[in-house]
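Trainee: Hi! I'm new to this one, could you walk me through it?
Mentor: Happy to, let's take it a piece at a time.

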Amino acid sequence: MEIVLITGMSGSGKSVALHALEDAGFYCVDNLPPELLLPFVELERQHDAQRIAIAMDVRSAVSLPLVPQQLAAVRALGVVVKPLFLDSTTDTLVRRYSETRRKHPLSQGSSDHGERDERRALVDAIELERELLADLREQAHVIDSSIIRPSQLQSYVKALIASPGGQLTLVFESFAFKRGVPTDADYVFDVRMLPNPHYNPELKHLTGRDQPVMDFLMAEEAVALMQHHIAHFLESWLDALASDHRSYVTVAIGCTGGQHRSVFLVEQLAKRFSGEWITLKRHREMDARA
């Protein structure tokens, strides 16, 4: 049996992720109380269920501390568990709640003191939720949904569940610093100091996956040195990370526009490590335009 456990911030896209898993053939359960996790899994094992997705959120705040213990018991049954945590920046969550006019699960009621006080109350609720979910976030693979479209989130979730369970998966992600650093990254490398193909008119509208840009960057010693240093760092620590029972390690590489240098390095590093580790690739800015 394989279980994907979806947790995360309210408004970060848990329902989108659950729908993606349902489309992929998972039996999905939303807002299962943590104390029912083990009995539910045992029941589904009797029914020979193979793929289950379960969403839990802060509506079960009182019993959330039970989840790590419950997950350990589930794994002891031989079940493969893939914890997934969806996150977004506080500003993004405030905007989403303002647009939908929905009430946050931890809100204490509407304010009678104006829009500014309502925003403050919402921010306080979001920060409290972040604190309550901190332990679950620490033990899960995190996807930052702040600036990605629902279709991107769905594709990221489907790629994650396609990777074998019980092995460390390397996720390489390119991004643009001008649109913010991904909050889901375990390691962030800044490559903005490298020569930029953007200033070459023939390369400006291409990407790091196009051969002319690849030829340009491969000819630069600084690019090769940066690639070597990142690879050496990962090679030095991946075995230790795997021994620490990490399921996913996300390596984010950023340049100014997220189109040339970071994309090239993600492609090259993913190719280099794919022989020994399970690797996934994400290009945040390019995927947004796809």
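**A walk through the model**

Mentor: Let's start with His104, which is found in the loop between α4 (90-100) and α5 (115-132). Helices (H or I, at least four residues) and strands (E, at least two) are DSSP runs, numbered from the N terminus.

Trainee: Before we go on, what kind of model is this?

Mentor: This is a predicted model, where local features need pLDDT of at least 70, side-chain atom pairs count only at pLDDT 80 or more, and totals for chains, interfaces and linings use all residues. Residues are numbered from 1 along each chain as its sequence is written, and side-chain values use heavy atoms, with hydrogens and water left out.

Trainee: Got it. Is His104 buried or exposed?

Mentor: His104 counts as buried because its relative accessibility is 2%. Buried means under 20% relative accessible area, exposed over 50%, and partly exposed in between (1.4 Å probe, protein chains only).

Trainee: And what does the side chain of His104 make a polar contact with?

Mentor: The side chain of Glu129, at 2.8 Å. A polar atom of the His104 side chain also lies 3.0 Å from the backbone nitrogen of Leu106. A polar contact is a pair of N or O atoms within 3.5 Å; within protein, one must be able to donate a hydrogen and the other to accept it, and residues adjacent in sequence count only if both atoms are side-chain atoms.

Trainee: Switching topic: what about that loop residue Arg101?

Mentor: Arg101 is also in the loop between α4 and α5. At 74% relative accessibility, Arg101 counts as exposed. Its phi is near 65°, a positive value in a residue other than glycine.

Trainee: Which element gives the most?

Mentor: β4, with 4 residues. By class, the lining of the largest pocket has 13 nonpolar, 10 polar and 8 charged residues. Here Ala, Val, Leu, Ile, Met, Phe, Trp, Tyr, Cys and Pro count as nonpolar, Asp, Glu, Lys and Arg as charged, and the others, Gly among them, as polar.

Trainee: How many cavities of 30 Å³ or more does the structure hold?

Mentor: The structure holds 1, and the largest cavity has a volume of about 70 Å³. Its lining includes Val4, Pro83, His141 and Tyr248. β4 (80-87) and α7 (150-162) each supply at least two residues of that lining, which divides into 7 nonpolar, 1 polar and 1 charged.

Trainee: What do pocket and cavity mean here?

Mentor: On a 1 Å grid over the protein atoms alone, a cavity is a set of points where a 1.4 Å probe fits but cannot get out, and a pocket is an open set with protein on both sides within 12 Å along at least five of seven lines; lining residues have an atom within 4 Å of a point. Grid points are joined across faces, edges and corners, and a volume is the space filled by probe spheres set on the points.

Trainee: Last topic, rings. How many aromatic pairs are there?

Mentor: The count comes to 5 aromatic pairs. The rings of Phe172 and Phe273 have centres 6.1 Å apart and planes at 35°, so that pair is tilted. Rings of Phe, Tyr and Trp (its six-membered ring) pair if their centres lie within 6.5 Å; planes under 30 degrees apart count as stacked, over 60 as edge-to-face and the rest as tilted.

Trainee: Where do Phe172 and Phe273 sit?

Mentor: Phe172 is in strand β6 (residues 169-176) and Phe273 in helix α10 (residues 261-273), 101 residues apart, linking distant parts of the chain. Phe172 and Phe273 are both buried.
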